[in-house]
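Hi everyone, thanks for coming. Please have a look at the model on the screen, and I'll walk you through a few of its contacts.

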Amino acid sequence: MSHLSERPEKPVVGVSMPHESAFQHVTGTALYTDDLVYRTKDVLHAYPVQVMKAHGRITALRTEAALAVPGVVRVLTGADVPGVNDAGMKHDEPLFPDEVMFYGHAVAWVLGETLEAARLGAAAVEVELDELPSLVTLQDAIEAGSFHGAQPVMLSGDVDAGFADSAHVFTGEFQFSDQEHFYLETHVALAHVDEAEQVFIQSSSQHPSETQEIVAHVLGLHSHEVTVQCLRMGGGFGGKEMQPHGFAAVAALGAKLTGRPVRLRLNRTQDLTMSGKRHGFNATWKIGFDAEGRIQALDATLTADGGWSLDLSEPVLARALCHIDNTYWIPNARIAGRIAKTNKVSNTAFRGFGGPQGMLVIEDILGRCAPQLGLDPMELRERNFYQQGQYTPYGQPVTQPERIAAVWQQVQENGGIADRKREIAAFNAAHPHTKRALAVTGIKFGISFNLTAFNQGGALVLIYKDGSVLINHGGTEMGQGLHTKMLQVAATTLGIPLHKVRLAPTRTDKVPNTSATAASSGADLNGGAIKNACEQLRERLLQVAATQLGSNASDVRIVEGVARSLGSDKELAWDDLVRTAYFQRVQLSAAGYYRTEGLHWDAKTFRGSPFKYFAKGAAAAEVEVDGFTGAYRIRRVDIVHDVGDSLSPMIDIGQVEGGFVQGAGWLTLEDLRWDAGDGPNRGRLLTQAASTYKLPSFSEMPEEFNVALLENATEEGAVYGSKAVGEPPLMLAFCVREALRQAAAEFGPSGIGLELASPATPEAVYWAIQAAREADASQGGQGLNGSAVNGQSVNDKAADAKVRSDAEALSGA
């Protein structure tokens, strides 16, 4: 076992315990960024001046009327920026734009003594606009040839030969929706400047170091003149990886110019209309199978809706391409990617970061093709699982392929799948207007940042004279339990009880140059760094203990806060050991560092090994569908997920449950709609509140929800043998959508490759049921094969008609 993965005697990792802030969460004592406003004197409030047009060039910006509003202190415009007027890393996101790029784009910010004064001031600002043509939908952009950023192509094998050798070839097109993060805490920042002109920002940010960098370049400062702190976030999900930076920069600019603290917090409508979403995608594809249903070749083009600026669209697209294989061996592949430029908010990171989009494409393909191949969808998937010695289309060997089959078999055993499928068949035979179905899908998700340089982490660990320990690390807490795991790692490495360890808020002046808490890498990177720092301290203390115990340092063990020498009854309590070390002038602080080894990636050739390891999982979902309305319920879900040797099992099970539910929301409920008409509200987000954007709630939960973690699953080369758990479970929800497809198909003849929109709302399921009812055996035989699939399906036409009617109804809301 590797040094990094080996666990000592009586470790604190692996013990189920509640979230470190759970008590504060449920009692309301946990502080979030906006709570700090009420502890800060003379705060000014920032409010955006939004332009409600999708695209146009600003010809005049008049602020005089705003300054006449009582309580308005200042209006911030581009002329006030002392540094670089840009909020992004690609320098394509002007903080104060002279061209409006989406409906609701903020072009100036008003500072007021109260939020109401700032709001009234923003309403008084006059903006004149030379309106320009806009591209609102992904299809608009594709037809107009509007793209930006890289257009990678991933190649493996001989695609043409693969198709020539295929017994069955199918083609199709699939467009699926974006998704709103809908974190409970909206974007917020609080900035002030101290007597030494140091800028200090409290920000709800997953990437404080990048917030620091952006604020510094906007203000024309160096990074050491800006400090960013993140206490905790009320949710992030990727939406706070890149997008908080501009809001923090506006607050910091206001504080710098007025000498007073500035608070910027978006209300829910502003957050929904001004911040980016998960990228919606369009996929066109051609796939070949041999006579046994094994994939021979795949040729696909994935187009991501990037919105108006690049943000993180390029790495999101790259991860989508790298995950189109999911758990399946594709010997010959040609996968092209491109990013559409549209006049919508700039889409950004969202849990899974493109991985879900890529994996959804192959799962949709297999779900549509299985009936036409005469195979059960489970059988088709299983036949194509990776085997030992096979590699991904980008050239990385697939490690632990046996775990793909292991979780698949275990979920079938745990869920009694064979017996239940027989019960479902009997139920369907007896119920003409209600159908049930059960689907099983698996996942293989790569862990690490695609950009190799981001795979590093730092920590600072301090031991005080009384034996108490304070840890600082570069990761941020957004409810996912990272801090809980880091406390467990520190306590385990030092060999002390958990109550001895406390964690400080994430700050850029304690640990520099940190990576975002993203890519499911938070525990791997920061845990490795904390372990490294604690090992340095433990080695120093072992030397002190050896002297006190009269033995060699190599024979001393610190377990549960007591140092003992092997073969001796002598012992030394932790507090006494630390005090002795202090009087012997032993350094009791250490900076830790960790970098993920074995990674390499060539973005030009799209080849390499970008991932440290793969997380595996499998899930089974049983659904029941009403044939009259398309309404459905999830009767039962069974999950088996691979988290290695769990650092904190209760936290990990919570992450699996939460990720699954969020994935099911994306695939079945969450339906973002935009006004694509030619009226005055073109480009407006129609679903800009929880009243029109449906989020998963208790009523959408499975009636029976069983989650198990794969046992005896040590991951060599990862901190204490664990695996990442933040993002992979989201993709387990594919089984819900596939079960809905299969249930809808039960209303028609066998052998039809049924299309299903995503999200598979009850409406979309109803139209799929109608398509199944209208199909006859001869139509089912054609299915996906031939030119028919390149046209628009009944389902798509109905969905488009509904989009238009919804847009007309909501535009007047």
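Helices α6 and α7 cross in a right-handed way, where right-handed means the near helix is turned clockwise from the far one by less than a right angle, and left-handed means anticlockwise. Their axes are 9 Å apart and the packing angle is about 45°, with axes being lines fitted to C-alpha atoms over the stretch in contact and angles running from 0 to 180 degrees between N-to-C directions. That makes α6 oblique to α7; under 35 degrees would count as roughly parallel, over 145 as roughly antiparallel, 65 to 115 as roughly perpendicular, and the rest is oblique. On the α6 side, the contact uses Glu210, Thr211, Ile214, Val215, Val218 and Leu219, and α7 brings His245, Ala248, Ala249, Ala252 and Leu253, contact being heavy atoms within 4.5 Å.

A quick word on the ground rules: this is a predicted model, where local features need pLDDT of at least 70 and side-chain atom pairs count only at pLDDT 80 or more, while totals for chains, interfaces and linings use all residues. Residues are numbered from 1 along each chain as its sequence is written, and side-chain values use heavy atoms, with hydrogens and water left out. Helices (H or I, at least four residues) and strands (E, at least two) are DSSP runs numbered from the N terminus.

Now slide along to Lys240, in the loop between β11 and α7. Is Lys240 buried or exposed? Lys240 has 0% relative accessibility and therefore counts as buried; the cut-offs are under 20% relative accessible area for buried, over 50% for exposed, and partly exposed in between, with a 1.4 Å probe and protein chains only. Leaving aside residues up to four places away in sequence, Lys240 touches a set of residues including Tyr183, Glu185, His187, His207 and Met233.

Among the residues making the contact are Leu482, Met486 and Val489 of α14, together with Ile530, Cys534 and Leu537 of α15.

On to the rings. How many aromatic pairs does a search of the whole structure find? The search gives 19, counting Phe, Tyr and Trp rings (the six-membered one for Trp) with centres within 6.5 Å; planes under 30 degrees apart are stacked, over 60 edge-to-face, and the rest tilted. Take Phe385 and Trp408: their ring centres are 4.9 Å apart and the planes sit at 85°, so this pair is edge-to-face. Phe385 is in the loop between α11 and α12 and Trp408 is in helix α12, so the pair ties together parts 23 residues apart in sequence. Both Phe385 and Trp408 are buried.

Tyr394 and Phe611 are edge-to-face too, because their planes are at 80°, with centres 6.0 Å apart. This pair links distant parts of the chain, 217 residues apart, and both Tyr394 and Phe611 are buried. Ring pairs also link Tyr394, Trp601, Phe606, Phe611 and Phe614 into a cluster.

Last, charges over rings, meaning NZ of Lys or CZ of Arg within 6 Å of the ring centre and within 35 degrees of the ring normal. Arg278 has its charged end over the ring of Phe350, 4.3 Å from the centre. Lys286 does likewise over Phe163, at 4.4 Å.
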